[in-house]
Amino acid sequence: MKFLPLIWANLLRKKVRTSLTIGSFAVALFLFGILAATRSAFGQFEESAGVDRLVVTNKVSLIQPLPIAYRDKIARVPGVTGVTYFHWFGGVYKDEKNFFAQFAIDPENQLKIYNEFSVPDDQWQAFLGERTACIAGRKLAERFGWKIGDTIPIKGTAYQGDWQFHLVGFYKGKRAQDDETQFWFRADYLDEKAEAWAKGRAGWYALKIASLDDAIRVQKAIDGQFANSAFETRTQTEQAMAASFAKQMGNIEFLILSVGSVVFFTLLLVTGNTMAIAVRERTGEIAVLKALGYGDSFLLTFVLFESTLIAMIGAGLGLVLAKILTLSGDPTGGMLPIFYLSPQALTAGLGLGLLVGLVSGALPAYSAMRLRVVDALRRL
Amino acid sequence: MRPLMRLGTGRIGGSGLIVVRDLDKKYVRGDEEIHVLQGLNLEIEKGDYVAFMGPSGSGKTTLLNLLGGLDVPSKGSITVAGDEITHLSGKKLTEWRARHVGFIFQMYNLIPVLSAFRNVELPLLLTSLSGAERKNHVDTALALVGLEDRKDHFPRQLSGGQQQRVAIARAIVADPTFLLCDEPTGDLDRKSADDILSLIDALVRDHHKTVLMVTHDPRAAERAQVTLHLEKGVLVENVEARA
């Protein structure tokens with residue numbers, strides 16, 4: 001602590017340069033934070049997917065439906081403890097830019113299979129008691145300022161017509177990665193109002209199994225049961241399905257690593273150069289400090305601490321800004337419903353800042369340590 | 001006139017505060033060996049005020065660097081208060097320097113981003129003194145050089161003479177065994193130079209400091225109790241001693 005005035009005075013020696021260096025760190029780490037949140041958003045399905053859930057889709061494509069009659073047959077497969085199903089509705093709320101995911105759900109089993117979501121009992125009972133009722137995720141309701149009792153008009157696209165839903169409740173996720181931007185309504189209402197081609201269908205099934213060890217046998221049993229039928233199935237874990245879904249959107253991880261690497265090395269050069277200049281400018285002062293009895297290891301630590309402090313202030317600033325941005329939610333209007341900066345990403349960002357600070361300060365710090373007092377004083 | 005010191009090329013007793021024996025310093029440049037100091041012997045007592053004079057390249061500053069533990073000799077030994085410093089490792093030598101030597105440079109060499117107070121405090125940061133104790137020491141040192149009212153000023157806000165006073169306060173604040181002054185008045189006008197020399201006189205006279213000063217200025221050298229002349233790395237025997 002007693003050396004703090006010395007460190008602080010050095011940081012403020014060239015205020016513009018220090019500010020610009022901190023600023024470059026802040027921008028880079030802000031970018032890192034946003035990329036990490038984007039990666040997290042793309043990986044949302046995988047992150048929020050249940051490890052003990054399987055998903056049964058049409059073998060041809062996810063958008064091809066399956067008969068509703070499959071539900072009971074799947075439920076009877078040994079090892080399956082519960083089944084529910086979904087329809088992707090894909091309607092438009094007022095304007096196409098107001099995109100959000102709308103699902104027709106099986107009210108009886110939804111919360112049994114997806115127990116990471118919770119709805120207050122009275123609201124859930126209201127949902128069960130009214131065919132046109134709907135439940136909105138907490139963030140979705142916040143986004144549009146919906147209140148219980150509102151009528152939500154949605155214009156159908158795949159399922160034609162104007163649909164009116166009565167908002168009776170909100171659901172919440174128990175974990176940070178749980179998607180709270182979905183819109184649920186009752187599958188029996190869809191079945192009642194949909195055109196003939198869509199009646200008696202389910203978009204896909206989700207089921208719980210008793211034991212993870214049993215997953216492969218259950219998958220084979222389900223797909224075997226419907227082999228050679230008009231609606232062959234493809235059963236996989238929810239995580240596998242989510243991963244393949246994310247892959248369809250591109251290799252986000254590669255993109256983040258590429259951009260991150262470029263940012264990292266650019267920063268390294270920029271700060272390394274800045275620190276080298278800063279130390280070179282202070283050659284005489286470092287020599288004087290050595291003459292006064294400041295040791296080599298002290299000066300090594302001193303310069304490293306200075307570069308690391310600049311890096312960490314910049315990194316902290318950038319990550320705080322990124323966190324603030326992500327706290328305001330999805331910036332794309334519904335494409336990235338889970339847009340948040342996880343504690344792990346924040347830690348990784350700070351770690352990156354620390355690493356760049358240490359590496360960029362290493363060479364100047366070594367030079368300061370190796371400086372011969374006699375030579376430096378002679379040059380003054 | 002008391003015998004201030006013994007010097008020369010022969011063996012000496014070794015009871016002084018600073019004892020230099022058979023000191024050689026040479027540099028190698030390419031194939032050439034440059035002998036900066038050769039066979040130097042010197043003994044300085046506590047409270048002595050010694051000026052070293054000589055033409056450029058005579059080895060004055062090299063001798064000062066060796067005495068201050070900033071450089072190591074090629075041969076010979078330097079003993080200060082019974083400790084031989086010539087064989088100390090870099091780390092030990094640094095620690096020794098912090099404890100025993102106060103440096104006063106020609107260009108003051110203050111840290112420009114630190115106030116006078118913080119500059120003077122620098123040597124004390126290496127000690128275990130508390131903040132209050134450090135403040136007490138710094139205030140005393142600044143008062144001694146007559147700058148207690150300038151302690152919050154930065155070097156750029158002080159005249160050359162005032163900056164050198166701050167440098168002197170920094171040199172004495174940790175109460176080192178001896179002070180090494182390298183052309184302390186070389187960058188000052190006559191008036192400021194006289195003030196600085198009077199201050200050094202007072203440190204020797206009133207506070208019994210041991211001062212070794214390199215100078216080109218005969219008026220500065222006159223203030224010392226003894227002036228030693230160096231020529232081509234050898235101490236010549238024309239000691240000028242004053243009472």
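# Chat on a two-chain predicted model

Trainee: How many helices and strands are there in chain A?
Mentor: Chain A has 15 helices and 12 strands. Keep in mind that this is a predicted model.

Trainee: And what percentage of chain A counts as buried?
Mentor: Of its 380 residues, 37% count as buried.

Trainee: What about contacts along the chain A sequence, what share join residues at least 24 apart?
Mentor: The share is 83%, taken among chain A contacts between residues at least 6 apart in sequence.

Trainee: Let's do helices. How do α2 and α14 of chain A pack?
Mentor: Helix α2 (residues 15-42) and helix α14 (residues 343-370) of chain A pack at an angle of about 150°, and their axes are 10 Å apart. Angles over 145 degrees count as roughly antiparallel, so α2(A) and α14(A) are roughly antiparallel to each other. Their crossing is right-handed.

Trainee: Which residues make that contact?
Mentor: From α2(A) come A:F25, A:L29, A:F32, A:G33, A:A36 and A:S40, and from α14(A) come A:A345, A:G349, A:L352 and A:G353. By class, the contact of α2(A) with α14(A) has six nonpolar residues, four polar and no charged.

Trainee: Over to chain B. Are α5 and α6 roughly parallel or roughly antiparallel?
Mentor: The axes of α5 (residues 160-172) and α6 (residues 190-207) of chain B cross at roughly 20° and come within 9 Å. Angles under 35 degrees count as roughly parallel, and α5(B) and α6(B) are therefore roughly parallel to each other. The crossing of α5(B) and α6(B) is right-handed.

Trainee: Which residues meet there?
Mentor: In α5(B) they are B:G160, B:G161, B:Q164, B:R165, B:I168 and B:I172, which meet B:S192, B:D195, B:I196, B:L199 and B:L203 in α6(B). The contact of α5(B) with α6(B) divides into five nonpolar, four polar and two charged residues.

Trainee: How many residues are in the largest nonpolar core?
Mentor: That core has 92 residues. The ones with the most contacts inside the core are B:V50, B:F52, B:V120, B:A169, B:L180, B:V211 and B:M213.

Trainee: What does B:L180 touch?
Mentor: Setting aside neighbours within four places in sequence, B:L180 is in contact with B:L64, B:L67, B:G68, B:V101, B:F103 and B:L212.

Trainee: Now the two chains together. How many residues are in contact?
Mentor: 20 residues of chain B are in contact with 19 residues of chain A. On the chain B side, helix α2 (residues 90-100) of chain B gives the largest share, six residues. The chain B side that touches chain A has 11 nonpolar, four polar and five charged residues.

Trainee: I clicked on B:V113. Where is it?
Mentor: B:V113 is in the loop between β7 (101-104) and α3 (116-121) of chain B. Leaving aside neighbours within four places in sequence, B:V113 is in contact with A:A9, A:N10 and A:R13.

Trainee: Buried or exposed?
Mentor: B:V113 is buried, because 21 other C-beta atoms lie within 10 Å and the cut-off for buried is 20 or more.

Trainee: And B:H216, where is that?
Mentor: B:H216 is in the loop between β9 (210-214) and α7 (218-223) of chain B. B:H216 counts as partly exposed, because it has 14 C-beta neighbours inside 10 Å.

Trainee: How far is B:H216 from B:F52?
Mentor: They are 164 residues apart in sequence and 8.5 Å apart in space, C-alpha to C-alpha.

Key. Residues are numbered from 1 along each chain as its sequence is written. Chains are lettered from A and ligands numbered from 1 in the order in which they are written. This is a predicted model: local features need pLDDT of at least 70, side-chain atom pairs count only at pLDDT 80 or more; totals for chains, interfaces and linings use all residues. A nonpolar core is a set of buried Ala, Val, Leu, Ile, Met, Phe, Trp, Tyr and Cys residues joined through C-beta atoms within 7 Å. A residue is buried if 20 or more other C-beta atoms lie within 10 Å of its own, exposed if 12 or fewer, and partly exposed in between; C-beta atoms are placed from the backbone. Two residues are in contact if their C-beta atoms, placed from the backbone, lie within 7 Å. Helices (H or I, at least four residues) and strands (E, at least two) are DSSP runs, numbered from the N terminus. Ala, Val, Leu, Ile, Met, Phe, Trp, Tyr, Cys and Pro count as nonpolar, Asp, Glu, Lys and Arg as charged, and the others, Gly among them, as polar. Axes are lines fitted to C-alpha atoms, for helices over the stretch in contact, and angles run from 0 to 180 degrees between N-to-C directions. Angles under 35 degrees count as roughly parallel, over 145 as roughly antiparallel, 65 to 115 as roughly perpendicular and the rest as oblique. A crossing is left-handed if the near helix is turned anticlockwise from the far one by less than a right angle, and right-handed if clockwise.
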